Amino acid sequence: MKLVDTHCHIDRYPHPLSVLKSAEAAGVVTVAVTDLPSAYQRLSLRLGRRRLVRVALGAHPMRAGSMSPLELALFTRLVDQTDYVGEIGLDGSQHGRSSLKAQTKVFEHLLQQPRIKRKVLTVHSRGAEAQVIEALAHARVTAILHWYSGPLRHIATAVDAGLFFSVNPAMLRSKRGQRIVAELPRGRVVTETDGPYARLDGRACEPKDIASVVAGLARAWNEEEDEARDRVFRTMSDIAASARSDT
Ligand code: MN
C-alpha cells in the first residue's frame with residue numbers, strides 16, 4: 001500500500017463510510033484525525049477495525065482552549081491505543097489568538113507525556129509556527145507539520161529539528177503553497193488532504209485524491225510519478241521508524 005493520507009477529518013463528512021470506501025478502492029491508507037479524545041473514542045469504535053484506517057487521538061487547538069479536565073484525562077488513558085496523535089497544535093491566527101494561552105497549556109501537557117514519543121504526531125501550527133516548532137523540537141517527538149503555511153524562514157529550523165511536512169491539494173494549487181513546497185527537503189514530505197476542509201475543484205478533498213497530490217509533488221520535483229510515490233512511501237517508513245526508535 002503506497003498512498004497515505006496523513007491528515008483527514010473523516011468524521012466531518014456527511015457520509016464518512018462512502019468516503020472511506022472510495023479511499024479503499026483507490027488503495028489509500030487514511031489517518032483519521034480527531035478534535036477531542038471523546039471523538040477519538042467514538043470514531044475508533046466505529047472505524048478502528050478497518051484495515052486501511054488509522055484513527056488518531058486528537059486535541060484540536062481550536063477546541064483545546066475549552067477542553068475539560070475529563071477530556072485531558074481521557075487523552076492520557078487512550079494514548080496507548082493508537083500509533084497516531086492528531087490533530088494537536090497551536091493556532092495563533094485571528095481565529096485562535098484569544099485562546100492561545102490556554103491552547104499552549106494543553107499542548108505542552110500533551111507533549112510532556114512520556115508515551116507520546118512513540119507516536120506519530122500530525123500538528124497544526126497556523127499563526128504560531130515558531131512556537132510550535134520550538135515545542136516539538138524540545139519534546140523530541142516524531143511530528144508532521146500539517147499544511148504548513150508560515151514564514152519560509154522557519155522551515156530550516158523545523159528540518160534541523162527532524163520534523164516532517166504534509167502537503168495537500170490546496171497547497172499545490174496556491175502560489176504561496178508552491179513556494180513552501182519548493183523549500184521543503186524532498187525526504188521530509190508526505191501527503192495529506194485535510195478533507196473536508198481543503199477543497200479541490202469546488203468540492204471537499206477526500207483521501208482518494210492522494211494520487212493527485214503525489215502527481216503534484218512529482219511536477220514540483222520534476223520527476224516521474226512513481227519516483228515521487230516511492231519517495232513519499234520511504235519517508236512514511238522513516239517516520240514510523242523514528243516513532244519506534246524513541247530517541
Ligand atoms: Mn485539520
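This is a predicted model: local features need pLDDT of at least 70, side-chain atom pairs count only at pLDDT 80 or more; totals for chains, interfaces and linings use all residues.
Leu-72, Phe-75 and Thr-76 in helix α4 meet Val-106, His-109 and Leu-110 in helix α5. By class, this contact of α4 with α5 brings together four nonpolar and two polar residues, with no charged ones.

**How α4 and α5 pack**
- Helix α4 covers residues 69–78 and helix α5 covers residues 100–111, and their axes are 11 Å apart.
- The two helices pack at an angle of about 20°.
- Angles under 35 degrees count as roughly parallel, and α4 and α5 are therefore roughly parallel to each other.
- The crossing in which α4 passes α5 is right-handed.

**The largest pocket**
- This pocket has a volume of about 340 Å³.
- Its lining is made up of 16 residues, and those nearest the centre are Arg-54, Tyr-84, Met-236, Ser-237 and Ala-240.
- Helix α11, running over residues 225–245, gives the most to this lining, with seven residues.
- Sorted by class, the lining has ten nonpolar residues, five charged and one polar.

**The second largest pocket**
- Here the space comes to about 280 Å³.
- Among the 13 residues lining this second largest pocket, His-124, Arg-126, His-146, Trp-147 and Asp-194 are the closest to its centre.
- The classes in this lining are six polar, four charged and three nonpolar residues.

Methods: Residues are numbered from 1 along each chain as its sequence is written. Side-chain values use heavy atoms; hydrogens and water are left out. On a 1 Å grid over the protein atoms alone, a cavity is a set of points where a 1.4 Å probe fits but cannot get out, and a pocket is an open set with protein on both sides within 12 Å along at least five of seven lines; lining residues have an atom within 4 Å of a point. Grid points are joined across faces, edges and corners, and a volume is the space filled by probe spheres set on the points. Helices (H or I, at least four residues) and strands (E, at least two) are DSSP runs, numbered from the N terminus. Ala, Val, Leu, Ile, Met, Phe, Trp, Tyr, Cys and Pro count as nonpolar, Asp, Glu, Lys and Arg as charged, and the others, Gly among them, as polar. Axes are lines fitted to C-alpha atoms, for helices over the stretch in contact, and angles run from 0 to 180 degrees between N-to-C directions. Angles under 35 degrees count as roughly parallel, over 145 as roughly antiparallel, 65 to 115 as roughly perpendicular and the rest as oblique. A crossing is left-handed if the near helix is turned anticlockwise from the far one by less than a right angle, and right-handed if clockwise. Contact means heavy atoms within 4.5 Å.
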